[in-house]
Amino acid sequence: MKPVYVDNNATTKVDPEVLEEMLPYFSEMYGNPSSMHSFGGEVGRKIREARERVATLINASPEEIVFTSCGTESDNTAIMAAVNTTPFKKHVITTRVEHPAIKNMAEYLGKNGYRVTFVPVDGKGRLDLDYLYQSLSDDTAIVSIMWANNETGVIFPVEEISRVLHERGIPFHTDAVQAAGKLPIDVQKIRADMLSLSGHKIHAPKGVGILYVRKGTRFSPYMIGGHQESGKRGGTENTASIIGMGKACELAGKHLEEESTVVAKLRDRLESEILKSVPSTIVNGERENRLPGTTNISFEYIEGESILLMLNELGICASSGSACTSGSLEPSHVLRAMGVPYTAAHGSIRFSLSRYNTDAEIDFIIEKIPPIISRLRDLSPFWNQAEVIDNEEVNAR
Ligand code: PLP
């Protein structure tokens with residue numbers, strides 16, 4: 001059974017053109033790009049091309065692109081570079097809804113002598129900008145704020161934030177892992193000092209990431225080793241994946257328009273049909289200002305895990321907003337930060353689409369969801385006593 005894959009914020013399919021470009025670098029083109037001989041030099045030339053392609057996607061210079069092993073490494077590197085190069089500053093600012101790559105790093109710093117501010121969000125997942133601006137101080141080493149949230153798709157006003165921070169002379173990093181390929185990214189416009197990307201979210205393979213480091217930004221490597229990446233990241237290059245990342249960035253630029261129109265249309269149809277056909281469903285996050293392919297929907301009074309299992313039996317791959325920790329289902333930190341009530345947070349499902357999804361797949365999900373939800377609600381002791389909400393009214397707020 002071919003899966004109906006709507007879990008693209010978790011990972012994406014490698015584009016066949018990306019794979020084709022990578023293949024020779026696993027076999028006949030195995031030289032080390034740092035070698036003096038032309039066999040390795042040819043691989044070095046391909047890496048330079050990849051660097052240029054990445055730079056073009058985000059309007060950077062190739063020298064500002066550092067290849068890493070993943071989005072997590074890029075995020076960790078950005079934070080550590082800022083704190084290590086300004087050891088006299090002991091304050092870090094981020095948000096309550098970051099990916100663990102930032103959240104857990106910030107918590108680690110909090111346990112190791114740093115004061116960490118986690119900026120809250122409102123019920124729609126929008127950032128409290130006043131709180132952010134009031135938290136800034138001369139002691140702030142770095143502000144790291146994601147461009148778009150991986151669970152809800154809500155987009156943060158990074159351009160405005162960056163402008164304020166620039167005026168204050170405070171370094172700004174943004175995790176653009178979910179924004180890439182879905183929204184235009186122009187580092188000249190947003191003026192971030194550092195920005196993270198991940199290959200496997202944009203149809204490149206897993207195990208490759210990017211850290212953009214603006215020229216002149218204080219930097220120290222996180223991976224200390226050889227002279228690779230102009231001394232910014234030691235370690236022999238993951239050549240095939242880097243070459244794949246370059247191709248994926250080129251394709252991401254080409255498909256940007258399609259992502260923001262065709263994919264958004266599929267998502268909107270999926271969402272509105274579910275809201276029409278299933279009572280007591282709530283969209284989590286601001287609907288107007290979201291990534292084009294993401295919808296996070298709460299089906300009240302049932303467990304997301306049960307929905308996922310039933311979807312899985314039909315070959316539908318999605319994600320839930322709760323995770324099984326120590327035997328109990330805990331709603332995600334993102335939904336908790338938004339104050340989503342437990343009855344809704346437990347039953348949240350994230351559908352995340354890509355350019356590979358089709359109308360027929362969306363029809364299939366729209367057909368299968370209502371009977372799954374009513375079967376599960378028939379088994380729920382809470383559902384029978386629950387007050388059914390008016391979807392139209394609740395989701396219009
Ligand atoms: N940041 C965000 C917003 C993400 O969604 C992810 C992955 O889900 C990451 C960082 C981590 O990227 P990677 O899986 O490449 O380490």
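Predicted model: local features only at pLDDT ≥ 70, side-chain atom pairs only at ≥ 80, totals over all residues.
Reader: Why is Y30 called exposed rather than buried?

Author: Exposed means over 50% relative accessible area, buried means under 20%, and partly exposed lies in between (1.4 Å probe, protein chains only). Y30 has a relative accessible area of 61%, so Y30 is exposed.

Reader: And what makes F39 partly exposed?

Author: The value for F39 is 35% relative accessibility, so F39 counts as partly exposed.

Reader: Why is the pair of Y30 and F39 called edge-to-face?

Author: Rings of Phe, Tyr and Trp (its six-membered ring) pair if their centres lie within 6.5 Å; planes under 30 degrees apart count as stacked, over 60 as edge-to-face and the rest as tilted. A search of the whole structure turns up two aromatic pairs. For Y30 and F39 the ring centres are 5.0 Å apart and the planes are at 75 degrees, so this pair is edge-to-face.

Reader: What makes the pair of Y301 and W383 tilted?

Author: Here the planes are at 55 degrees and the centres 6.2 Å apart, so the pair is tilted. The pair also links distant parts of the chain: Y301 is in the loop between β10 and α9 (304-313), while W383 is in the loop between α12 (359-378) and α13 (391-396), 82 residues apart. Helices (H or I, at least four residues) and strands (E, at least two) are DSSP runs, numbered from the N terminus.

Reader: Are Y301 and W383 buried or partly exposed?

Author: Y301 has 22% relative accessibility, so Y301 counts as partly exposed. W383 has a relative accessible area of 15%, so W383 is buried.

Reader: How do you know that β9 and β10 pair?

Author: Two strands pair if DSSP finds at least two bridges between them. Strand β9 (residues 281-283) and β10 have three bridges, in the antiparallel sense, and I282 has S298 in β10 as its bridge partner. In general, strands of a sheet pair through backbone hydrogen bonds, either parallel or antiparallel.

Reader: Which strands form the open sheet, and in what order?

Author: Four strands form it, in the order β9-β10-β15-β12, with antiparallel pairing. β9 and β12 (319-320) are the edge strands, as each pairs on one side only. Between β10 and strand β15 (residues 348-352) there are five antiparallel bridges, and I297 stands opposite I349 in β15. β12 and β15 are joined by two bridges, with S319 opposite R350.

Reader: What makes strand β7 largely enclosed?

Author: Five of the five residues of strand β7 (residues 194-198) are buried, so β7 is largely enclosed by the rest of the structure. M194, S196 and S198 point one way, while L195 and L197 point the other way. β7 is joined to strand β6 (residues 172-175) by three parallel bridges, where D175 has S196 as its bridge partner. β7 also pairs with β8 in the antiparallel sense over five bridges, and L195 stands opposite Y212 in β8.

Reader: Why does Y212 count as buried?

Author: Its relative accessibility is 0%, so Y212 counts as buried. Y212 lies in strand β8 (residues 209-213).

Methods:
Residues numbered from 1 in each chain as written. Heavy atoms only, no water.
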